[in-house]
Amino acid sequence: MNMQKITPLETANTFADRIKVLIQRVGSVTEIARMCGFSEGVVRSWRDGNTDPSRARCVTLAKTLGISLVWLVAGEGSIQTDTISSGEDLPNAESTANRHRTKLRTAADTLHASGMAMDPQRLNTALRILQSELDLAESHLTLADNADMLADLYDILGPGGADVDATSMVAFTHRLAERVKRGRQVIG
């Protein structure tokens with residue numbers, strides 16, 4: 001394995017190259033997968049240039065790792081977000097990962113206390129979708145503010161979080177958009 005440092009400006013022409021840069025910065029494919037809630041196989045597939053992530057997964061990567069979404073998607077500009085100097089390590093990555101694990105644990109404990117059987121994969125999918133939607137909307141609302149929406153989304157998702165009722169999902173998205181809009185009106 002080549003352990004030579006790759007700088008973002010040297011070889012970040014393709015999405016796969018940019019993922020390789022991130023792997024070196026974070027430390028491993030396993031760590032990126034763990035922090036972002038992706039499978040290691042998916043991250044390896046991106047690294048090897050076999051597939052590209054969805055828009056939502058790009059947003060999750062950028063937000064979790066504290067990097068520029070424009071750099072990640074298009075290879076333009078700096079890898080760093082405006083608040084990070086170029087010599088620093090990725091900020092808050094560990095605290096972000098811990099925050100996501102804590103939220104998942106809290107939701108699991110709530111379901112367990114209510115006597116309901118929980119599908120962890122389904123719950124994790126619901127958490128990631130809801131967080132992604134809130135991130136895409138640049139909402140100041142948190143997952144904690146939207147526990148009822150999380151429960152609704154969990155119900156919409158089928159076993160393993162893979163079988164989605166499209167009509168219910170569209171209705172859910174509209175309800176969430178209205179909530180985000182109301183949240184902005186309260187803040188503004």
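Is R34 buried, partly exposed or exposed? At 35% relative accessibility, R34 counts as partly exposed, a class between buried (under 20% relative accessible area) and exposed (over 50%), with a 1.4 Å probe and protein chains only. The model is predicted, so local features need pLDDT of at least 70 and side-chain atom pairs count only at pLDDT 80 or more, while totals for chains, interfaces and linings use all residues. Residues are numbered from 1 along each chain as its sequence is written, and side-chain values use heavy atoms, leaving out hydrogens and water.

The protein chain has nine helices and zero strands, taken as DSSP runs (H or I, at least four residues, for helices; E, at least two, for strands) and numbered from the N terminus. Of its 188 residues, 37% count as buried.

Four salt bridges are present in the structure, each defined by a side-chain nitrogen of Lys or Arg within 4 Å of a carboxyl oxygen of Asp or Glu. E31 pairs with R34, with 2.3 Å between the closest N and O atoms.

R47 has a relative accessible area of 24%, and D48 has 46% relative accessibility.

Another salt bridge connects R175 and D152 at 3.4 Å, N to O. This pair links distant parts of the chain, with R175 in helix α9 (residues 166–187) and D152 in helix α8 (residues 147–156), 23 residues apart.
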